[in-house]
Amino acid sequence: MHLETERDPDGGWFDRFVRLVDEDGELVEDFGEHPTLDKLREVERRHGERINLWQQGLVCYKCGNQINDRFAAQTDGHLLCWDCASSEEGEEKGGLRTNVDPTKSVLSASKLHEKSLCDYVINVATGCRHGCRFCYVPSTPAVDSREEMLEEKAEVDDPQRNWGSYILYRDDLPERLHQGLQKKNFSDWKKTDRGRGIVMLSSGTDCYQDRRAAQITHGCVQELIEHDIPVRILSRSPNLTRDIDLFKKAGDRIAVGTSIPTFDASLVNALEPNAPPPQARWEALDQLFRAGVPRFVSFSPTYPTMSRGEIREALGWFAAVDPDVVFHEPINPRGINFDMCVEATRDAGYEKVADELENLKDEDTWKEYALDHIEAVREEAKVYDNIDIHTWPDRRLINAVDGKKKQELLREKKRVSPESF
Ligand code: SF4
Ligand SMILES: [Zn+2]
């Protein structure tokens with residue numbers, strides 16, 4: 001399928017009727033004039049086929065120039081050429097500032113193969129509306145070194161403190177990825193034993209956090225699947241179930257998962273203020289299970305107040321959706337984001353959690369808790385015969401122990417996740 005445009009004889013030179021036609025030229029959808037990006041992307045999803053928006057005769061809503069390369073959506077959804085998009089003011093609604101993202105990169109090499117997650121990542125946006133307090137992303141160079149850009153695009157004064165209140169979208173990523181993949185031969189890509197050439201969406205944002213992000217994700221996943229590239233999806237949004245049909249097409253070349261640190265919804269709400277509740281994430285996993293889509297859970301980060309009983313109960317919920325793997329990581333008390341976690345739990349009335357988190361700043365207390373939680377999760381998982389725990393031990397923890405324990409943690413760190421891909 002592709003787009004066709006025709007000039008409106010009664011309009012200006014850039015007023016064009018837009019239609020979607022199939023290979024035989026038969027009309028599939030009639031969009032009228034100036035369809036929004038949302039409309040075009042939703043049709044793509046409905047028909048299960050990607051529609052390239054470059055060089056199709058679409059024009060910028062502001063200046064009338066043809067969309068031949070980079071583009072973005074205006075706040076009302078109309079298409080803008082890159083010149084017009086770059087000067088957009090952005091919008092603020094309900095405390096969330098949105099705009100377009102000037103980032104050039106499409107696919108970046110990632111160190112997440114150390115967690116057996118992926119070799120490459122695609123981030124569909126800069127910023128994340130979920131605003132998890134423990135999120136390390138705002139302290140990484142992708143955000144931390146771009147203060148000026150964030151200030152200009154979204155009036156961000158402090159990328160870390162304001163995390164959760166800004167999001168800059170990369171609307172044309174599917175087109176750019178398509179172009180990039182034409183030039184790259186996947187067999188030449190960097191692969192590691194643990195990464196297996198997997199591309200993950202997304203590590204620096206939530207790729208299904210809202211409809212606009214989900215549309216970008218859909219286009220990228222479709223491109224990757226067409227090139228037979230293994231894909232991992234990690235999202236806290238049950239919104240991911242909108243693409244179950246697409247995931248099914250990928251067979252075992254995809255793994256879709258979500259993070260559930262605990263089923264205590266109000267604690268999750270304190271630490272992940274804008275993310276959907278854990279039960280809704282589990283329900284998304286359940287839908288993936290029913291559809292036969294390969295799935296995983298990130299049981300991370302687990303909190304020091306969690307008892308063995310709570311750990312067992314959480315694992316029981318995971319076992320019910322039969323995941324290929326459950327990744328587990330205790331919380332690591334580092335940097336300003338850890339202080340923000342303590343602050344957030346105290347503000348939410350979780351005094352005990354706040355105190356226990358505060359205690360973890362003492363290296364020995366943290367070490368004891370982390371080792372204890374790793375062991376507890378591994379032992380409790382034995383109750384269920386379908387749970388494979390893949391621990392992510394922190395380097396500091398490995399360095400702090402010796403003997404058999406060190407060997408065990410090192411083995412776990414080097415392990416390849418059991419997924420088939
Ligand atoms: S969903 Fe992920 S990227 Fe977004 S704030 Fe939470 S941890 Fe960070
Ligand atoms: Zn323009």
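**Helices, sheets and a ligand**

Modeller: Start with α10 and α13: R308, I311, R312 and L315 in α10 meet A376, V377, E380 and A381 in α13. Keep in mind that this is a predicted model.

Colleague: What classes of residue make up the contact of α10 with α13?

Modeller: Five are nonpolar and three are charged, with no polar residues.

Colleague: At what angle do α10 and α13 pack?

Modeller: About 50 degrees, with the axes 9 Å apart. Helix α10 covers residues 308-320, and helix α13 covers residues 363-381. The two are therefore oblique to each other.

Colleague: Is the crossing of α10 and α13 left-handed or right-handed?

Modeller: Right-handed.

Colleague: Now α11 and α12. How do their axes cross?

Modeller: At roughly 160 degrees, and the axes come within 7 Å. Because angles over 145 degrees count as roughly antiparallel, α11 is roughly antiparallel to α12. The crossing here is left-handed.

Colleague: Which residues make the contact of α11 and α12?

Modeller: From α11, C341, V342, T345 and R346. From α12, E351, V353, A354, L357 and E358. By class, that contact has five nonpolar, one polar and three charged residues.

Colleague: And α5 with α6: at what angle do the axes cross?

Modeller: Roughly 15 degrees, for α5 at residues 173-183 and α6 at residues 211-226. The axes come within 8 Å. That makes α5 roughly parallel to α6. α5 passes α6 in a right-handed crossing.

Colleague: Which residues of α5 and α6 meet?

Modeller: L173, P174, L177, H178 and L181 are the α5 side. They meet I216, G219, C220 and E223 of α6. Six residues in this contact are nonpolar, two are polar and one is charged.

Colleague: Switching to sheets. In what order do the four strands of the open sheet run?

Modeller: The order is β6-β7-β11-β10, with mixed pairing. β6 (91-93) and β10 (125-126) are the edge strands, each pairing on one side only.

Colleague: Which helix packs on that sheet?

Modeller: Helix α4, residues 147-154. It touches β7 and β11, and its direction makes about 90 degrees with that of β11.

Colleague: Do β7 and β11 run parallel or antiparallel?

Modeller: Parallel, joined by four bridges. β7 spans residues 96-100 and β11 spans residues 166-169. N99 stands opposite L168 of β11. T98 stands opposite I167 of β11.

Colleague: And β6 with β7, parallel or antiparallel?

Modeller: Antiparallel, over three bridges. E92 has R97 in β7 as its bridge partner. The hairpin of β6 and β7 has two residues between the strands. In that hairpin, G94 takes a positive phi near 55 degrees.

Colleague: What about the sheet of eight strands: what is the order?

Modeller: β8-β9-β12-β13-β14-β15-β16-β17. This sheet is open too, and its pairing is mixed. The edge strands are β8 (108-109) and β17 (389-391), and each pairs on one side only.

Colleague: How many bridges join β15 to β16?

Modeller: Five, and the two strands run parallel. β15 takes in residues 295-302, and β16 residues 325-330. F299 stands opposite H328 in β16.

Colleague: Where does H34 sit?

Modeller: In the loop between β3 (27-33) and α1 (37-47).

Colleague: Last topic, the ligand. Which residues are around ligand 1?

Modeller: C128, H130, G131, C132, C135, V137, T205, D206, R236, E272 and A275.

Colleague: How does the shell around ligand 1 split by class?

Modeller: Five nonpolar, three polar and three charged residues.

Notes. Residues numbered from 1 in each chain as written. Chains lettered and ligands numbered in written order. Predicted model: local features only at pLDDT ≥ 70, side-chain atom pairs only at ≥ 80, totals over all residues. Near = placed C-beta within 6 Å. Nonpolar A, V, L, I, M, F, W, Y, C, P; charged D, E, K, R; others polar. Pairing = 2+ DSSP bridges. Contact = placed C-beta atoms within 7 Å. Axes fitted to C-alpha atoms, helices over the stretch in contact; angles between N-to-C directions. Parallel < 35°, antiparallel > 145°, perpendicular 65-115°, else oblique. Left-handed = near helix turned anticlockwise from the far one by under 90°.
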